[in-house]
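Student: I would like to go through the labels attached to this model and ask what each one rests on.

Tutor: Then take them one at a time.

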Amino acid sequence: MALQNWVKRHKLSMFVTLTLEEAVIVCAIDEEAKAQDSLLDGCYLLETNVPVDLMDAKTVDERYRDLQKVERNFRTVKTAACIGVARPVD
């Protein structure tokens, strides 16, 4: 069970299978599934319920990146507050 959790945690479960045979860990790689998975390397998908006539793909991407900045800054503020330091945030 720990082996399967490790594979899932490292996002390899689509093409890697680890099994324990006696005292040996056996790694099986599905090369076809690995090749399919690699087609999406560097790609990401954003889904929204905003109609395309109200917001194009570029704007959706920009708003998502803005949200990431807000969340990162909020995390910085929370961390600073926990250690008793106040500083300006970008």
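Student: Among contacts in the protein chain with a separation of 6 or more, what share comes from residues 24 or more positions apart?

Tutor: In this predicted model, such residues account for 0% of those contacts. The chain has 3 helices and 2 strands, in the order α-β-β-α-α.

Student: Why is Asp-37 called partly exposed?

Tutor: Its relative accessible area is 27%. Buried means under 20% and exposed means over 50%, so the 27% of Asp-37 falls in between and the label is partly exposed.

Student: Where is Asp-37, and which residues does Asp-37 contact beyond its neighbours within four places in sequence?

Tutor: Asp-37 sits in helix H2, residues 31-38. Beyond those neighbours, Asp-37 touches Met-14 and Phe-15. For Met-14, which is 23 residues away along the chain, the C-alpha separation from Asp-37 is 7.5 Å.

Student: What makes Arg-72 partly exposed?

Tutor: Arg-72, in helix H3 (residues 57-82), has a relative accessibility of 44%. That value lies between the 20% and 50% cut-offs, so Arg-72 counts as partly exposed.

Student: Which residues form the patch of positive charge on the surface?

Tutor: Lys-69, Arg-72, Arg-75 and Lys-78 make up that patch. A patch member needs over 30% relative accessible area; Arg-72, at 44%, is therefore above that cut-off.

Student: How much of the protein chain counts as buried?

Tutor: Of its 90 residues, 8% do. The chain exposes about 8,100 Å², with carbon and sulfur atoms supplying 58% of that area.

Methods
Residues are numbered from 1 along each chain as its sequence is written. This is a predicted model: local features need pLDDT of at least 70, side-chain atom pairs count only at pLDDT 80 or more; totals for chains, interfaces and linings use all residues. Side-chain values use heavy atoms; hydrogens and water are left out. Buried means under 20% relative accessible area, exposed over 50%, partly exposed in between (1.4 Å probe, protein chains only). Contact means heavy atoms within 4.5 Å. Patches are made of residues with over 30% relative accessible area and no salt bridge: like charges are joined within 9 Å, nonpolar side chains (Val, Leu, Ile, Met, Phe, Trp, Tyr) within 5 Å. Accessible areas come from the Shrake-Rupley method with a 1.4 Å probe; for residues, only the protein chains shown count as cover. A salt bridge is a side-chain nitrogen of Lys or Arg within 4 Å of a carboxyl oxygen of Asp or Glu. Lys and Arg count as positive and Asp and Glu as negative; His and the chain ends are not counted. The place of a charge is taken as NZ of Lys, CZ of Arg, CG of Asp or CD of Glu.
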